[in-house]
Structures are given as C-alpha cells and as structure tokens.
Amino acid sequence: MKIRSLDCYRSPDPVHGKRNYTYMDAVRSSLGPRDVAVCGIAQYAILCGAIVGYTITAATGIMSVVRSNCRHYKGHGANCSQEGTMYLVLFGIVEVVLSQLPSLEKVTFISIVAAVMSFTYSFVALFLSAAKFAANHRAYGTILGSKIGGPGGVSAPTRTWNFLQALGNIAFAYTYSMLLIEIQDTVKSPPSENVTMKKASLYGIGVTTAFYVSLGCIGYAAFGNDAPGNILTGFDEPFWLVDLANVAVVIHLVGAYQVYAQPVFACYEKWLRSRYPESGFFHREYALRLPAGRAILPPPRSSP
C-alpha cells in the first residue's frame, strides 16, 4: 500500500503532475482536505513516538557500553547499575545542534553514516548469535514459543502481551513509510521520482527484512524463550565487539532521529509562520557558519 502511495508525489499524473512536497500535501490532493486532519494526527503521532523511542534506545545503548566495560574490568557479578538521565540529556543536546540543519536534503551524509552503522551492529549481533548457537550444539526454544502455565511457562495475559509487543516491534521497524513522500522529495529526476523510490523501497525492504528474520530466528535459537528484547544485551564478551555494536546503535539513532524529526520541525515552523505572520523572526532564514566557512542554507525549491 505504501509503495502505491509513491505515485501520489505528483498529481494528478505521477510523472508530470504537480509536486506534493509532504505526506500531508499528498493526502490533501488525493483525498481532500477533510482527511488531512486524521492522517496528519496519525503521521505526526508515529513520528513523535519514533523519536521518543530513539532517544530512550540511544540512552540505553550508551548505558550498555558503560555496563559492558564495568563487567569486563570488575567481573560479571559486579553491580554496574546506573542512571540514564545524563545520557538522555547528552543525546538531546546533540540532536538540538543537528536540528539546525534546515531540511532532509541537508542530512544526507548523516543518513549514510546511520545506514553504515545499522549494517555494522546487525552483522555483529548476527555473528554473536550464530556463535552462541553453534556453541550450544542445539537450538533452544520451540516453534510455538513459551508455553502457558506449568513449570517454566507463562500466564495467558503475559503470552498475549508478548505477542502484541512483537507485532508492535514489527510495525516500529517499518515506520519509515510515514516519510516516503518527504524522502521522495529529495530524489532527483529523471527517471521519475516514483520509479526511483519504488526500486529503492523494494531493495531496502528486502535487505532489512532478510536481516530482521535471520537475526530473529538465530537469536531465538541461541537464547530460546530467554532471548532479550535487545539481543546485544545478552552478550558480555568479547566486550570490545559488544561495545562496537552498541556505539553503532547510538550513532545510527543520532542520524535516524533527524530523519524522523525534520518533518516535525518543518510542520511546527510552518504553523509558527502562519500564527505570527508579522514576525520577522519566523519568516527569516539564518545561516549557520561552519568551520570550513560554508553556510548551511535551505536549497532553492525547483518548480513543478
């Protein structure tokens, strides 16, 4: 369904029609103004939920690095508990600085780095899970998962909650679908934007699904029903490799946060400009000089 929405970037013709620069513009031109509010609430609720989740996960990743080093040097039985508030604040400060980038076009390099980091921690997690599975000499867990009741089993509400949580994790893994139109707006043509984005989406979904399924199956075979939510937390050694993977997670989330937050920033800035039409502060662009001497400015918008 989301792949089909790529044809809505231009309307009424998907190749020569007028551009819809955002998801809301596409909804307005395809479904009418009455559905804009409902779709807008859904889109921005998902985006805001995603960036909140990324913030918490990033802080958890930093805590995992500290805990891994603590257990390595003080012993695996050492008390390495810690508070994550400081890491939340540090992550927020970094994102405040990066949020000065004016649009998705300006976070391309950050997106590339984030993608490389994603492959890095995925490969590490897959390797560690496969090594543990091989060391066990057998597969833990069952096809049907944890049983209900009895010794070693769980209650029916817990089993239901875990099932629903798993569905939520699957949905959360593909939240990028809320940004397809905004990402498509950064694609150059020819060929037409919808053709390029369809190919990129199919390749991207295929690769990520292969990683998700492989890691899920091998990780479950290695840990069974005791598999942790974050598979990396199930390993302490080699600590340097676990640290590398967790650092990659944090760097990935730094970039992913910006990709998801930029449309939220743009919507809020648009509302401020309409709310205060006489204020020069909200209608003027401010250049931020980098050490290299170049200023970050929004790119000029091409005509339809």
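Visitor: Is threonine 209 buried, partly exposed or exposed?

Guide: Threonine 209 sits in helix H7. Helices (H or I, at least four residues) and strands (E, at least two) are DSSP runs, numbered from the N terminus. Buried means under 20% relative accessible area, exposed over 50%, and partly exposed in between, with a 1.4 Å probe and protein chains only. At 28%, threonine 209 is therefore partly exposed.

Visitor: What separates the C-alpha atoms of threonine 209 and tyrosine 174?

Guide: This is a predicted model, in which local features need pLDDT of at least 70, side-chain atom pairs count only at pLDDT 80 or more, and totals for chains, interfaces and linings use all residues. Residues are numbered from 1 along each chain as its sequence is written, and side-chain values use heavy atoms, leaving out hydrogens and water. Threonine 209 and tyrosine 174 are 35 residues apart along the chain, and their C-alpha atoms are separated by 9.7 Å.

Visitor: Which pattern does the protein chain follow along the sequence?

Guide: The protein chain has nine helices and four strands. Of its 304 residues, 34% count as buried. Read along the sequence, the pattern is β-β-α-α-α-α-α-α-α-α-α-β-β.

Visitor: Among contacts between residues at least 6 apart in sequence, what percentage join residues at least 24 apart?

Guide: Contact means heavy atoms within 4.5 Å. Among contacts between residues at least 6 apart, the share that joins residues at least 24 apart is 69%.

Visitor: Are H2 and H8 roughly parallel or roughly antiparallel to each other?

Guide: Two packed helices are described by the angle between their axes and the distance between the axes. Axes are lines fitted to C-alpha atoms, for helices over the stretch in contact, and angles run from 0 to 180 degrees between N-to-C directions. The axes of H2 and H8 come within 8 Å and cross at roughly 160°. Since angles under 35 degrees count as roughly parallel, over 145 as roughly antiparallel, 65 to 115 as roughly perpendicular and the rest as oblique, H2 and H8 are roughly antiparallel.

Visitor: How many charged residues does the contact of H2 with H8 have?

Guide: H2 passes H8 in a left-handed crossing. A crossing is left-handed if the near helix is turned anticlockwise from the far one by less than a right angle, and right-handed if clockwise. Ala, Val, Leu, Ile, Met, Phe, Trp, Tyr, Cys and Pro count as nonpolar, Asp, Glu, Lys and Arg as charged, and the others, Gly among them, as polar. The contact of H2 with H8 has 22 nonpolar residues and eight polar, while the charged count is one.

Visitor: How is H2 set relative to H3, oblique or roughly parallel?

Guide: H2 (residues 36-74) and H3 (residues 85-98) pack with their axes 9 Å apart, at an angle of about 120°. That angle makes H2 and H3 oblique.

Visitor: What is the C-alpha separation of leucine 98 and valine 254?

Guide: Leucine 98 lies in H3. Beyond its neighbours within four places in sequence, leucine 98 touches Ile110, Val254, Gln258 and Gln262. Leucine 98 and valine 254 are 156 residues apart along the chain, yet the C-alpha separation is 8.9 Å.

Visitor: What is the relative accessible area of glutamine 43?

Guide: Glutamine 43 lies in H2. Outside four places in sequence, glutamine 43 touches Tyr23, Met24, Met178 and Glu182. Glutamine 43 is buried, with a relative accessible area of 0%.
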